[in-house]
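Me: I have a model open on my screen and would like to talk through its labels. Could you walk me through them?

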Amino acid sequence: MSVAAYCVFCYRKIGTSGPATKTHLPWNDIRKIAKVTGSLILGGFVFITYEVLSLNKLLQIDTQALHQEKLKSYVYVRTASLRPSEYQGITYKARKEIHKAVRKILETEAKIFRRPFNEQFSTFDGEDHECALWLLLKRSQSEDKAVRLQAVQDLASNSHWHDYQYGTVAQTCDQRTAIGLARSKDVDLRFFLPPPPLPKIKTDYPIEDELRLLLVSLPQTGLDPCVQYFTSLALRESSQTLAAQRGGLWCFGGNGLPYCETLSKIPSETVELFCLQALVQHSKMSSHCDKIEAKGGLQLLQRIYQLRKDSAKIQRNIIRIIGNMALDERLHSSIVRAGWVSILAEVMKSPHVIQSSHASRALANLDRDTVKEKYPDGVYVLHPQYRSSQPIRADILFIHGLLGAAFKTWRQQDIDRHLDKKASEKEEDYIQCWPKTWLASDCPSLRIISVEYDTHLSDWKAKCPVEAHRKSIAFRSSELLDKLKAAGIGDRPLVWVSHSMGGLLVKKMLVDASKNPEMDKIVNNTRGIVFYSVPHHGSQLAEYSINARYLLFPSVEVKELSKDSPALKELNDDFLSFAKDKKFSVLSFAETLPTHIGSMIKLHVVPVESADLGIGDLIPVDVNHLNICKPKKKDAFLYQRTLKFIQDVLAQEL
């Protein structure tokens, strides 16, 4: 305004200064006006520019501070540079602008043509490694299963994430992604949040009391007799412990500790184990799993697991309960929220095959994205235990025998064991579980499953002494067939591998399946059977039961092994009649060395003539009954001959 007023004033002065002698202004005056006006305009521009720059400096936002605030919300250490000059160049900015433009075009196109927008175009606007992380997280929640699985695999296989990025995934991934990461081989445990903090409890309120209250809250009527037995046993032992706290005597009868003494220290770990064994039985019933979850059982088990880190047996029973509860998909969210995924992922890395296999079963039951089968109690996958892109071509099913187990029966041969109490205990320090290590490496396209069920030489040692018919081969066959069907046995070509009484169980299951139309696939897909010292015609073990100190009252299993057992003869006749019409191969191994029964008796448990089924190949081997299924090393004859048989009968699939 001042410049304009000055110009008007000058014009008026010139116009009124005297009579007009010329029709135009003198050049000198115009030059003066231009000098003054130009200097004023230039000065004004300089002043305005200064003010704008000063104001811009005052209002400038520090992007580095914004990045720091962003990272602060995750409470993780920053390891990436926050200086834009270090990673933002012309190419970087151009790529980001193109990305935005393309995204807008595709969004508009999707709206016009009313079709879903491709989720791979992320809205995240950050540096490359941040963009990749959020893009994978977005893809891991895609409706497209293939995209989802690939995203989880990419997350797990990338080992170059920063600490705060692992934390980002742990806090933002959904339940499905967390389970997928836990089932990924060599996954980094930083992907998982630790279990949520548990509420504090009174110091004078023992854990076994909480377990006892949980057991009491579960249904007590209309139960399976074995469930009732275990529950009453656990509650009885708990009440005896409470009595001992008041200075009395305690005595675990029946299946408990076989002696009585005064207590200076309460064996709380023993009581907890009894209660957990009862909970294992309850967890086999779906309706009881709902009650366990509703009564805070998942959190209680979490507390016990953390307190008993030195007890592999207690931790194994707890994970077994979680695996049983995971059979019910309605409880998956509760299991994840209770923090069990991070624990299972850690246990999967355990060098102990028993621990890792229990965790593997629980995670497989949780993983509904890649596992269509369900693994009931006692059915364990030895391979593959992780997610794999390798297609499964066939199944190998291992069935142990008398006093056996899903893992210890199939271990590498170590020392000469006796068929007594020590042999029946579940040793945990195995050299190798050869189906999991050797066979899995030689035949990676196989699914290898091992089944476990309770057997005992004497009813003195039976875990559930009620209803003896449950221990018969006929009952076990029906029970296992249902479990194997749920696990998808029969959907692929199948080879059975059995030891001792397990071979009789295999024959009974195949005979029963041939009579049940719903089990046709198991029979039709059977390609071969391996029998390790199976007493097709009876065992001398039953004949010597009176002389063996652990067989004063032979169990149902032992009685059925008698040479004059009608059931055994009928089973063998039925199987031979059934096998003639089927096109599967049979390989039998027979022991030639005696086995120690206790410390006094040496017995040839299954003579060669009893191990001879009458069909297939029979191979005598210079080992005893316990070691017939335990090769000393990978190049041993026992393993190599078994491997060749499997590869031959599955030649088309492998």
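Reply: Happy to! Phe398, Trp410, Trp434, Trp438, Tyr532, Phe589 and Tyr639 form one aromatic cluster. This is a predicted model, where local features need pLDDT of at least 70, side-chain atom pairs count only at pLDDT 80 or more, and totals for chains, interfaces and linings use all residues. Residues are numbered from 1 along each chain as its sequence is written, and side-chain values use heavy atoms, with hydrogens and water left out.

Me: What makes Trp438 and Tyr639 an edge-to-face pair?

Reply: Rings of Phe, Tyr and Trp (its six-membered ring) pair if their centres lie within 6.5 Å; planes under 30 degrees apart count as stacked, over 60 as edge-to-face and the rest as tilted. Trp438 and Tyr639 are 5.4 Å apart centre to centre, with 70 degrees between the planes, so the pair is edge-to-face. Trp438 sits in helix H19 and Tyr639 in helix H27, 201 residues apart (helices are DSSP runs of H or I, at least four residues, numbered from the N terminus).

Me: Why is the pair of Phe575 and Phe584 called tilted?

Reply: Their ring centres are 6.4 Å apart and their planes at 40 degrees, so this pair is tilted. Both Phe575 and Phe584 are also buried, meaning under 20% relative accessible area (1.4 Å probe, protein chains only).

Me: How many aromatic pairs are there by this rule?

Reply: The count comes to 13.

Me: And what is Ile335 in contact with, leaving aside its neighbours within four places in sequence?

Reply: Contact means heavy atoms within 4.5 Å. With those neighbours left aside, Ile335 touches Leu298, Ile322, Met325, Ala326, Trp340 and Leu366.

Key: Helices (H or I, at least four residues) and strands (E, at least two) are DSSP runs, numbered from the N terminus. Buried means under 20% relative accessible area, exposed over 50%, partly exposed in between (1.4 Å probe, protein chains only).
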